[in-house]
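Keep the structure open while reading.

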Amino acid sequence: MRGPLNLYIIFHSLSMLMLLPVSAQTYTLRLMSRPAKTPKQSSKSSKLPIVVAILIVFAGLIGVWFLIMNSIEEEPKEQTSDSEIEEFDRSQHSIDDSSSIWVITNKQRPLQPGYTPEELVNPDIPLYGPRDAENMLVDARITNDLEQLVREAEEEGLNIALGSGYRSESYQRGIYNNYVEQHGEEEADRFSARPRHSEHQTGLAVDFVRPDGECSFQACFADLPEGEWLIENAYRYGFILRYQENTEDIVGYQYEPWHFRYVGRELAEELHAQGKPTLEEFFDLSPAPDYEG
Ligand SMILES: [Zn+2]
């Protein structure tokens, strides 16, 4: 597409530059052959060639400027022109390594035994539990984006707090066993993960709540302004809604409009652009509705 434009600009610039000495020469000759005039006449009629010369120089300079800008702009494009559509690099992070920002854990994909994130910290956002509680911690790699998300939601008058972040394997075991006692194993498996299968153990998953506790861990959270905003905007900060509506057969859990998973802005934006497929779909993993065996 740029070929003909380039040729035109080169031709235009060169012709303008070539005209410049010709017009200057013509003007000089005219001045020399011109009979003497009164100062008034001379100044009036001699302005036109000067204006023309300036315009020619100006047009030439613009041509040269376009030529330079065009060549600067074009260089990096040539390097990527091999692939018509720039493919998202799905291999830039591991989805198997428990410590990877892209790790995918579900009922078919347990984390490494005893996996603990390298650095766990309290994010600087409202906490829905005691500061020293284990589940008020998150992986340090997500705090900047998490804090920015909560801050920008606040600027829109929305109040978002951390309901639950990191959970160790033993903590998750306690929660899960408790649910099994209350609801039976089959029902508990629909909303609670067995130890080593919870995203919370990675420190990369957060359950958001409102500080007043309205609709905490309930589907109606999606209808609160905070829930609506998170579902619409969390991806801009690198968080995805991990358990979407009608994906239980793939992700293994019911709709959880409060549970968000940090995957980084690049992947979150790509998933958003592709119509929000689940991580399992995006990475061509088999659906994980249940545990094996
Ligand atoms: Zn959760």
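Strands E3 and E4 (residues 205–209) run antiparallel and are joined by three bridges. Leucine 162 has phenylalanine 208 in E4 as its bridge partner. Strands and helices here are DSSP runs, numbered from the N terminus: E of at least two residues for strands, H or I of at least four for helices. Two strands pair if DSSP finds at least two bridges between them.

This is a predicted model; local features need pLDDT of at least 70, side-chain atom pairs count only at pLDDT 80 or more, and totals for chains, interfaces and linings use all residues. Residues are numbered from 1 along each chain as its sequence is written.

**The sheet.** Four strands form an open sheet, ordered E3-E4-E6-E5, with antiparallel pairing. E3 (161–164) and E5 are the edges; each has a single partner strand, so one side of each lacks a neighbour in the sheet.

**Helix H9.** Which residues of H9 (residues 265–273) are buried? They are Leu267, Ala268 and Leu271. Buried means that 20 or more other C-beta atoms, placed from the backbone, lie within 10 Å of the residue's own. The three cover an arc of only 100° around the axis, so they lie on the same side of H9. That arc is taken from the directions from the helix axis to the C-beta atoms.

**Helix H5.** The 15 residues of H5 (residues 169–183) should span 21 Å at 1.5 Å a residue, and the end C-alpha atoms are 21 Å apart, which agrees. The expected span is 1.5 Å times one less than the number of residues.

Both helices are followed by a glycine with positive phi.

| Helix | Glycine that follows | Phi |
|---|---|---|
| H5 | glycine 184 | positive, near 90° |
| H9 | glycine 275 | positive, near 85° |

Conventions. A residue is buried if 20 or more other C-beta atoms lie within 10 Å of its own, exposed if 12 or fewer, and partly exposed in between; C-beta atoms are placed from the backbone.
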